[in-house]
Amino acid sequence: MTAVVETPVINPVEPFLRMDRMPHIWCPGCGIGTTVNCFARALIESKADPEKLAVVSGIGCTGRVAGYLHVDSFHTTHGRAIPFATGLKLANPSLQVVVYSGDGDLFAIGGNHLIHAARRNIDLKVICVNNFIYAMTGGQTAPTTPEPATTTTAPYGSYEPAFNLPYLTESAGATYVARWTTYHVRQLTRSIVEMLQKKGFCLIEVLSPCPTLYQRRNRLGDALETMKYYKERSKTRHGAPTSEVGLTMQGDIVVGKFVDRDRPDYLESMRRRLAEQLGDKFAGVGVLA
Amino acid sequence: MQANPKGVLTGTHFLDGDQACCEGALAAGARFAAGYPITPSTEIVERFAWRIPTVGGMFIQMEDELAASIAILGAVWGGAKAFTVTSGPGFSLMMEHIGYAAMTETPCVFVDVQRGGPSTGLPTLPAQGDMMQARWGSHGDYEIIALCPNSPQECFDVTIRAFNLAEEFRVPVMLMMDECVGHMTEKVVIPRAEEIEIYPRRHTARGPGEYWPYETNGDLVPEMAHAGEGYRFHITGLTHDERGYPAMNAAAQDRLVRRLKNKIRAAADRLALYEEEATEDAEVVVVSYGITSRVAQRAVEMARQRGIRVGKFRLVAAWPFPAARLRELAQRVKVFVVPELNCGQMVLEVERAAAGMARIIPVTHAGGDVHRPETILEAIVEAAR
Amino acid sequence: MAKGFVCIQVERCKGCGFCVEFCPTRVLALSSAFNSKGYHPPHVVNGEKCSGCDLCGIYCPDFAIFGWKARASEGAAHAG
Ligand SMILES: Cc1ncc(C[n+]2csc(CCOP(=O)(O)OP(=O)(O)O)c2C)c(N)n1
Ligand code: SF4
Ligand code: SF4
Ligand code: SF4
């Protein structure tokens with residue numbers, strides 16, 4: 001009997017990627033690719049319609065994600081992915097809008113937009129790749145850089161306190177907040193699936209190695225060693241109070257789903273208010289004239 | 001295409017320039033506005049916020065002008081016609097997204113109701129100090145269109161024109177108002193919807209799979225698609241090729257940047273809108289725009305009463321600048337008098353166009369007030385001497 | 001008979017070693033050979049143990065490897 005091996009012709013994630021743009025620009029061992037891999041798998045699992053999904057990125061190594069995903073994708077300006085995505089989502093509420101960007105992009109230059117989008121509860125699904133550094137520009141201090149890590153702009157070590165991203169995001173009003181690392185590929189994938197099913201402002205922080213700039217400069221080994229560190233020092237604590245999940249340099253990492261709650265999203269609140277006030281005169285919020 | 005009657009407030013009204021601009025935007029089909037409050041422009045979005053729920057669409061007050069200026073671009077890629085409104089300090093914050101709109105060829109309108117600057121300057125008082133910023137404010141080489149109405153009626157008419165040009169050329173169009181025009185109330189006649197011509201979005205007729213976002217097919221302006229329609233396209237502010245993919249080399253840069261410039265330059269004669277009066281036999285021509293053109297009108301009348309052969313040239317479009325026509329005039333006009341509410345901005349363009357053939361007399365003003373007609377008259381008298 | 005298979009697209013690999021490290025059954029090892037970009041891609045050293053769990057596939061930042069489960073009708077074959 002001849003054995004018949006039904007080899008899948010291609011990697012299952014390929015239909016979600018712009019294969020004509022491969023290989024991508026990310027360094028060997030860069031975790032961004034792993035997060036994209038999880039994202040693509042989450043799209044498969046959630047049976048999301050790729051034609052009704054748009055990805056918006058800012059600028060940075062992570063900002064390049066939009067350009068590699070085979071969906072409607074927007075590589076915007078540094079820090080402004082969220083307000084762009086806000087306009088896109090409000091103009092076409094039937095779109096699933098995902099914002100995919102770096103920690104500097106989302107929480108430094110774009111921090112104000114992030115907290116306001118969370119406050120308004122705009123229905124955006126944010127994936128924040130946190131590599132503790134400004135990678136694209138060569139390794140400068142980020143709002144997430146832990147003390148006393150060195151960066152090119154903190155050559156003697158950082159002495160600024162870092163942001164606790166889940167705490168900040170929850171406080172601003174997000175309906176879903178989780179943290180994983182690139183080691184937790186299955187959990188991350190599941191979490192993305194879950195987030196895609198939620199309504200409102202959601203954020204997943206993914207800790208990710210930047211071996212080229214962060215780990216190497218701080219003598220923390222290569223990407224694989226970073227993955228092992230994530231494996232060894234991560235503690236899953238679903239529902240942990242976000243005030244307690246701040247990170248330290250090479251310390252324990254609390255991962256899990258921290259926030260999962262419901263409140264009316266921006267469009268729902270807008271519609272309800274205007275209908276209440278205007279009755280029959282309310283012509284709806286559809287912008288397609 | 002004709003205007004959608006839903007947004008058209010047909011009739012005769014008394015409106016200030018800000019309100020008329022809002023009505024123009026609604027008539028043009030704008031259904032999404034994002035803004036951040038700033039005097040003296042806020043009335044435009046206040047009216048929009050009040051009107052839009054009964055027309056269908058939305059206004060969102062963003063957390064700052066950076067957000068407002070890119071939220072509208074997101075909305076455009078979602079299928080809307082969109083605009084934002086600001087004044088000096090906010091206009092400065094929007095510059096990065098004017099460049100992004102130019103680079104990504106996102107049709108949109110930026111309204112700047114000019115006030116005295118620099119910095120916080122004179123929040124409630126007029127100026128025309130942002131004219132060069134409108135043209136050159138974002139980094140790199142690009143072209144935009146900028147229009148400068150001088151009455152509430154024109155605020156209505158020119159706003160519609162701004163949206164139409166944005167769609168036709170896929171560029172950000174600046175509507176350069178000033179505090180006086182914005183706050184002056186006059187009669188505004190809004191025609192019936194079927195009398196208002198609308199330039200529709202250049203939406204591609206191709207299906208997914210046969211479409212690339214920056215393929216031009218011989219034209220200088222590519223066709224658009226919107227997110228969610230199945231095209232799965234990519235848009236970036238990086239230098240890109242026809243597919244919309246980043247292309248990091250000098251050849252791609254040259255091809256793209258030159259096309260972005262040429263699509264406007266090739267149409268410059270048609271786009272360079274102006275109004276001329278009594279220039280045929282004029283030895284002096286006053287070149288002005290916006291509120292200053294109305295003061296200049298008075299000065300020109302006074303000069304004519306004194307027997308001076310003076311003509312008037314009013315810029316309705318500041319950019320592209322009507323250099324060709326002014327060059328023609330320079331061959332027989334002795335002097336151009338250029339009053340403006342700044343220390344000399346558009347006068348540089350007049351000088352460039354005149355290329356030494358005619359003398360130039362700037363009549364500068366740092367803003368906060370309009371010129372006295374007599375000041376402009378003095379310059380005309382001196383010019384005619 | 002292996003329960004699963006793994007496919008390695010050698011030229012896409014950047015040699016990070018994630019797949020090798022996190023394969024639950026230690027099917028893979030980095031080979032001593034280079035691909036054309038100078039990286040050491042993984043190769044199969046314990047094909048029999050492959051469950052087709054595709055964990056290697058999820059970890060790979062370069063989309064260079066994936067695993068799949070054998071159907072009942074599939075016989076043993078080399079993992080390529
Ligand atoms: C307005 C503006 N300021 C600065 C930059 C330069 N810049 C590009 S990416 C970046 C930081 C990116 O860091 P992060 O968002 O953490 O992403 P990463 O590269 O680490 O993935 C900076 C400062 C820019 N492109 N635009
Ligand atoms: S510099 Fe760092 S973040 Fe950027 S691609 Fe390389 S490893 Fe990834
Ligand atoms: S599919 Fe699973 S068992 Fe097979 S090589 Fe990959 S990780 Fe190992
Ligand atoms: S995970 Fe991918 S890139 Fe890394 S060694 Fe394995 S195949 Fe190569």
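## Polar contacts between chains B and A

Let's start where chain B meets chain A: 23 residue pairs are in polar contact there, both residues at pLDDT 80 or more. A polar contact is a pair of N or O atoms within 3.5 Å; within protein, one must be able to donate a hydrogen and the other to accept it, and residues adjacent in sequence count only if both atoms are side-chain atoms. Keep in mind that this is a predicted model, where local features need pLDDT of at least 70, side-chain atom pairs count only at pLDDT 80 or more, and totals for chains, interfaces and linings use all residues. As for bookkeeping, residues are numbered from 1 along each chain as its sequence is written, chains are lettered from A and ligands numbered from 1 in the order in which they are written, and side-chain values use heavy atoms, with hydrogens and water left out.

Which parts of chain B do the touching? At least two residues each come from helix 2 (42-55), strand 3 (58-61), helix 3 (65-77), helix 4 (88-104) and strand 10 (234-236) of chain B. Helices (H or I, at least four residues) and strands (E, at least two) are DSSP runs, numbered from the N terminus. Helix 3 of chain B gives the largest share of this side, eight residues. Sorted by class, the side of chain B that touches chain A has 24 nonpolar, 16 polar and eight charged residues. Here Ala, Val, Leu, Ile, Met, Phe, Trp, Tyr, Cys and Pro count as nonpolar, Asp, Glu, Lys and Arg as charged, and the others, Gly among them, as polar.

## The rest of the A and B meeting place

In all, 48 residues of chain B are in contact (heavy atoms within 4.5 Å) with 48 residues of chain A. Together chains B and A bury about 3700 Å², with 60% of it on carbon and sulfur atoms. On the chain B side, Met58(B), Glu63(B) and Arg232(B) lose the most area to chain A, together 20% of what that side buries. Buried area is the accessible area (1.4 Å probe) that two parts lose on being put together, summed over both.

How many salt bridges are there between chain B and chain A? The count is one. A salt bridge is a side-chain nitrogen of Lys or Arg within 4 Å of a carboxyl oxygen of Asp or Glu. Glu63(B) and Arg120(A) meet this way through their side chains, at 2.8 Å from N to O. Strands join in too: strand 2 (residues 72-75) of chain A pairs with strand 10 of chain B in the parallel sense, over three bridges. Strands count as paired if DSSP finds at least two bridges between them. In strand 10 of chain B, Thr236(B) is the bridge partner of His75(A).

## Where chain C comes in

Chain C also touches chain A, with 29 residues of chain C in contact with 36 residues of chain A. These two chains bury about 2700 Å² between them, 62% of it on carbon and sulfur atoms. Between chain C and chain A there are three salt bridges. Arg12(C) forms a salt bridge with Glu14(A), and their closest N and O atoms are 2.9 Å apart.

Polar contacts between chain C and chain A come to 14 residue pairs, both residues at pLDDT 80 or more. Helix 1 (18-22), helix 2 (55-59) and strand 4 (65-69) of chain C each give two or more residues to the side that touches chain A. Helix 2 of chain C has the largest share, four residues. What about chains B and C? They do not touch, and their nearest C-alpha atoms are 19 Å apart. Of the two pairs of chains that touch, A and B have the most contacts.

## The two ligands

Ligand 1 sits between chains A and B. It has 17 residues around it, and the closest are Cys61(A), Thr62(A), Gly104(A), Asp105(A) and Met136(A). A residue is near a molecule if one of its heavy atoms lies within 4 Å of it. A backbone N or O atom of Ile133(A) is 3.0 Å from an oxygen atom of ligand 1.

Around ligand 2 you'll find residues including Trp26(A), Cys27(A), Cys210(A) and Pro211(A). The shell has nine nonpolar, two polar and no charged residues.

The structure holds 46 salt bridges over all chains. One of them joins Lys261(B) and Glu143(B), at 3.1 Å from N to O. Lys261(B) lies in helix 8 (residues 250-265) of chain B and Glu143(B) in the loop between helix 5 (131-136) and strand 7 (145-147) of chain B, so the pair ties together parts that are 118 residues apart in sequence.
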